[in-house]
Amino acid sequence: MDFYHVNQNQPTQNNHQNRNPQEGRTAGNRSSNELEFYTEVIPSDNVDTAKMNFLGQMNSRPPMSSIISKKQFMYVQGTVTGISNFSANGCTKLFQVMDEQGNITNLVIQPDTYFVDNIRFGVGMPIIGFYDGNAPVPLIYPPQFQAVVVAMNNQWENITVDYFNRSLVNSDNTLKLNISDSTDIVLENGQMYDGNLANRNLIVIYGNTTRSIPAQTTPKKVIVMCEPS
């Protein structure tokens with residue numbers, strides 16, 4: 001009997017040219033080239049070797065706690081071209097989003113997906129949706145992601161969802177927050193937050209930034225994403 005093993009060390013060319021999720025801030029100037037993996041049939045004589053390799057990969061992964069506490073947020077932006085029910089009870093929605101190049105991405109909207117400013121979306125509205133880049137995704141077309149944060153995409157305001165360290169610098173060292181008395185700092189439920197912002201996943205709404213590395217900004221609003229206790 002043959003043993004089937006997914007070889008994750010040899011990527012093949014991505015055949016889904018439309019699959020091009022973006023990563024980081026909402027500047028929209030960067031994208032990540034996704035890779036797909038082929039399935040290799042390993043003869044039964046090499047089952048033990050394949051099993052040892054698989055276990056070695058598992059042991060080399062970072063601890064689960066580090067993945068949960070420091071998410072790698074990525075995003076999709078474009079125009080809503082369709083809204084439908086994703087679940088039979090109607091509690092989970094599916095947003096179809098088309099970007100400027102005509103690429104389609106589906107965002108799964110769960111009951112706990114956070115909507116900035118409680119915007120009620122309709123077809124034709126500009127949207128940006130953030131998702132956890134470490135979460136598993138189905139290999140289907142159009143690509144489909146579980147939305148964590150959704151917001152209106154506009155030209156006069158920036159939004160990012162990212163992990164900020166003890167210096168309030170984001171994960172790719174491109175944005176530093178300078179908190180002022182005018183910054184509105186709240187929890188996802190809308191209540192005031194007066195704790196430490198360092199080493200947390202934050203939703204940040206901001207305007208102008210400095211021309212420095214990293215760019216600095218005084219955010220208009222910061223929404224703290226607390227982990228379930």
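**View 1. Lys 221 and Asp 117 joined by a salt bridge.** The side chains of Lys 221 and Asp 117 meet in a salt bridge at 3.9 Å, N to O, the term standing for a side-chain nitrogen of Lys or Arg within 4 Å of a carboxyl oxygen of Asp or Glu. Lys 221 belongs to strand 15, whereas Asp 117 lies in the loop between strand 7 (114–115) and strand 8 (126–132), so the pair ties together parts that are 104 residues apart in sequence. Strands here are DSSP runs of E with at least two residues, and helices are runs of H or I with at least four, both numbered from the N terminus. The model is predicted, so local features need pLDDT of at least 70 and side-chain atom pairs count only at pLDDT 80 or more, while totals for chains, interfaces and linings use all residues. Residues are numbered from 1 along each chain as its sequence is written, and side-chain values use heavy atoms, with hydrogens and water left out.

**View 2. Glu 157 and Lys 220 joined by a salt bridge.** A search of the whole structure finds two salt bridges, and one of them brings together the side chains of Glu 157 and Lys 220 at 3.3 Å, N to O. Because Glu 157 lies in the loop between strand 9 and strand 10 and Lys 220 in the loop between strand 14 (215–217) and strand 15, the pair ties together parts that are 63 residues apart in sequence. Glu 157 counts as partly exposed at 23% relative accessibility, whereas Lys 220 is exposed with a relative accessible area of 54%; buried means under 20% relative accessible area, exposed over 50%, and partly exposed in between, with a 1.4 Å probe and protein chains only.

**View 3. Thr 183 and its surroundings.** Thr 183 is found in the loop between strand 11 (175–177) and strand 12 (184–187), and it is buried, with a relative accessible area of 9%. Its side chain reaches the backbone oxygen of Pro 219 at 3.0 Å. Leaving aside residues up to four places away in sequence, Thr 183 touches Thr 218, Pro 219, Lys 220, Lys 221 and Val 222, where contact means heavy atoms within 4.5 Å.

View 4. Strand 13 (residues 200–206) and strand 15 (residues 221–225) pair in the antiparallel sense over five bridges, and Asn 201 stands opposite Met 225 in strand 15.

**View 5. Trp 156 and Pro 143, two loop residues.** Trp 156 lies in the loop between strand 9 (144–152) and strand 10 and is exposed, with a relative accessible area of 71%; its C-alpha atom is separated by 9.3 Å from that of Tyr 206, 50 residues apart along the chain. Pro 143, in the loop between strand 8 and strand 9, is buried, with a relative accessible area of 1%, and the C-alpha atoms of Pro 143 and Leu 107, 36 residues apart along the chain, are separated by 8.6 Å.

Conventions:
Polar contact = N/O pair within 3.5 Å; in protein donor to acceptor, adjacent residues only side chain to side chain. Pairing = 2+ DSSP bridges.
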